[in-house]
Amino acid sequence: MVQTLIFLPILAAAFLAITPYTRIIYLLCAIALGVGSLVSISLFVSPENIPFYFSDGLKILVVIADVVLLFYFLYQGIAYKNRLIIFLSLLQLVLYGWAESIAPSAGAAEMIVDDLSKMMFLIINIVGGIIVFYSVRYMEEESASPFKKRLLTIGLMLFLSVMNAIVCANSLLLFFFLFEMTTLASYLLIAFRDDEISRTNALKALWMNQIGGVVILLGTLVSIYGFDTVMLDALIQNSGGMLLLSVALLSMAALVKGASIPFDGWLLGAMVAPTPVSAMLHSATMVKIAPYLILKLAPAWAETTLGDTFSAIGALVFVAASYLALSRSVFKEILGYSTVALLGLMMALAAIGTTESMALATVLMVFHALSKALLFLAAGVLEKRYHLKNVEDMAGIAHRAPETIGYVMFGFISLTLPPFGLFMGKMFAIESVSSLLRERPILLIVLLGIIIGSALLVLLYFKVSSALISNSSDVEERETEILPLGFRFPMMALSILAVLTAAWFMLLQDDSALMLFLLPLVVILLLPRFIRKMDRYDRIQPYHCGEKEPFDAALVYYEPSARIKQIIYWSFGLLFVGVAFVGAFS
């Protein structure tokens, strides 16, 4: 079944490359979604772990592919005269060659499917599969050749294969190769439209993510010299020596891939790509490598100074990114910054290392994938059908696109209110972290970060929501929005999954009093009627000297000064480097 998850997307992509018929393309995407979902669910309910051992021939193929990939990065750096990419590519080639030349040849499993891998399969193949299906309809309205339109769907399909493989990787060298394959996916898909800004942002994403590859290789070298292993399971079973340095270096790669400040620039720049790319790579699936990696490493650094320090950094990222999101006006950038913030929270909880905190981080991963995928797909509809990107231009859009805005509002509700897992997860996280303060005082930073960051995100979502439902009373009739099935089905499916997952999560709780948190669902059911009634009112300020002064909540910004931004980025840059020092001296 695991092999099906890895090779089925490749097979489907091959058929997509040769068929020009839209109905067949939809059918192939539906088959991949259905089979991938069923296999993922079957693996999830299966109790045993599954190891995979590579043959010598397959190991050689991986090495060759890795070297070719690094030389491709070098070529791109030379072609576009980017010195950073040239330097980082050469550095990676040297470090990779060094690690491969001294890596032990023990017969350990290169891939292991464990409970965390199975949870990731659900996110990748269900949420990711829905996004691939959506991309077919989205690309029909893209100004490109028929083959290039299919090429984006093919790229997303192949990406599912890479993601299914990376969440099973036990060998650090294999993990490095697949990590850089996700970097390649980001680079190619961000540059998809092939204009100047797309290419510039793609190059930024390339060199920033290469930094993550460098620290993975450094962590691998430390693991080899300290413990004579490149296997992640063997590494985290050790103690003392250079363990925490190796773990610290690997965790730094998570900060890069999760676009934590100061690496948020690559994810924000990625928003120039077609919306399915933003939904798949930069919100729902790829960036989940960050909390996934921290969850894998957590047993090695639980209740250590390094773990607590990293948790504090994640909480600070949660606050800072939430604050910076308030200064954005482009809808996808707002979603991007809130993704950076919530990834910081997931990593903070995962790094604490207790069973409860790790479970909460996993819950946040699942609900965030569903909610953010839904919001990005709705953003794509607004972009394609209504040519709207900036929030301040969306006044009255609830009248023109009631169904789409309904999905947006549901997405915000699922991120903000109970019984959905992001609210419940943060509530339980506050309780969990509070219980640890006596033994681990540094976690006070995490507790305050959860509280402040959550308040800022609620402010952000309500600010955007108020802009979306704002309207003038001179609109007499509500337009009927007709969404194509290729847009409606993915958003409806994600909404239904969010509700079902929330119900499942609540049923798992032993406390019957928590059922009171189901009451906000009434708000969701009444929301369409509420928005319709708002058409009766002129939502503007009173007369001033005979003139009406309009008020748009979307224009209320919290723009930090250039100096504050500089302080934020330099501070987090120093914290990023500081992770390695804490690991070295712990």
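Select His387 to begin: just after helix 16, His387 takes a positive phi of about 55 degrees. Most residues other than glycine have a negative phi, and most peptide bonds are trans. Helices here are DSSP runs of H or I with at least four residues, strands are runs of E with at least two, and both are numbered from the N terminus.

Before going on, a word about what is on your screen. This is a predicted model, in which local features need pLDDT of at least 70 and side-chain atom pairs count only at pLDDT 80 or more, while totals for chains, interfaces and linings use all residues. Residues are numbered from 1 along each chain as its sequence is written, and side-chain values use heavy atoms, with hydrogens and water left out.

**Stop 1: helix 16**

Now select residues 355-386, which make up helix 16. Its 32 residues reach 46 Å from the first C-alpha to the last, close to the expected 46 Å; the expected span is 1.5 Å times one less than the number of residues. How many residues of helix 16 are buried? The count is 27 of its 32 residues, and helix 16 is mostly covered. Buried means under 20% relative accessible area, exposed means over 50%, and partly exposed lies in between (1.4 Å probe, protein chains only).

**Stop 2: the whole chain**

Zoom out to the protein chain, with its 23 helices and four strands. Of its 586 residues, 60% count as buried. The accessible surface comes to about 23300 Å², and 67% of that belongs to carbon and sulfur atoms; such areas come from the Shrake-Rupley method with a 1.4 Å probe, and for residues only the protein chains shown count as cover. Across the whole structure, a search finds zero disulfides, a disulfide being a pair of cysteine sulfur atoms within 2.5 Å.

**Stop 3: helix 1**

Select residues 2-18 for helix 1. Helix 1 bends by about 30 degrees at Leu8, and a proline, Pro9, follows within four residues. The bend is the angle between axes fitted to the seven residues ending at a position and the seven starting there. Among the buried residues of helix 1 are Val2, Leu5 and Leu16. What covers the buried residues of helix 1? The cover includes helix 2 (22-45), strand 1 (50-52), strand 2 (111-113), helix 5 (115-140) and helix 6 (146-166).

**Stop 4: Leu69**

Next, pick Leu69 in helix 3 (residues 56-79). Leu69 is buried, with a relative accessible area of 5%. Leaving aside neighbours within four places in sequence, Leu69 is in contact with Phe177, Glu180, Met181 and Leu184, where contact means heavy atoms within 4.5 Å.

**Stop 5: charged pairs**

Side chains of opposite charge can pair when their charged atoms come close. The structure holds 11 salt bridges, each a side-chain nitrogen of Lys or Arg within 4 Å of a carboxyl oxygen of Asp or Glu.

Show Arg137 and Glu140, whose closest N and O atoms are 3.6 Å apart in a salt bridge. Being three residues apart in helix 5, the two are separated by about one helical turn. Arg137 counts as buried at 14% relative accessibility, whereas Glu140 counts as partly exposed at 35%.

Then show Arg440 and Asp308, a salt bridge with closest N and O atoms 2.6 Å apart. Arg440 lies in the loop between helix 19 (421-434) and helix 20 (443-468) and Asp308 in helix 14 (residues 305-325), so the pair ties together parts that are 132 residues apart in sequence. Arg440 is buried at 8%, and Asp308 is buried at 9%.

**Stop 6: loops**

Go to Asp194, in the loop between helix 7 (172-190) and helix 8 (196-227). Asp194 has a positive phi near 60 degrees, and its side chain meets that of Arg199 in a salt bridge (3.1 Å, N to O).

Is Asp228 buried or exposed? Asp228 is exposed, with a relative accessible area of 53%. Look for Asp228 in the loop between helix 8 and helix 9 (232-236), with a positive phi near 55 degrees.

Finish at Pro262, in the loop between helix 10 (243-257) and helix 11 (264-269). The peptide bond from Ile261 to Pro262 is cis, with omega near 15 degrees.
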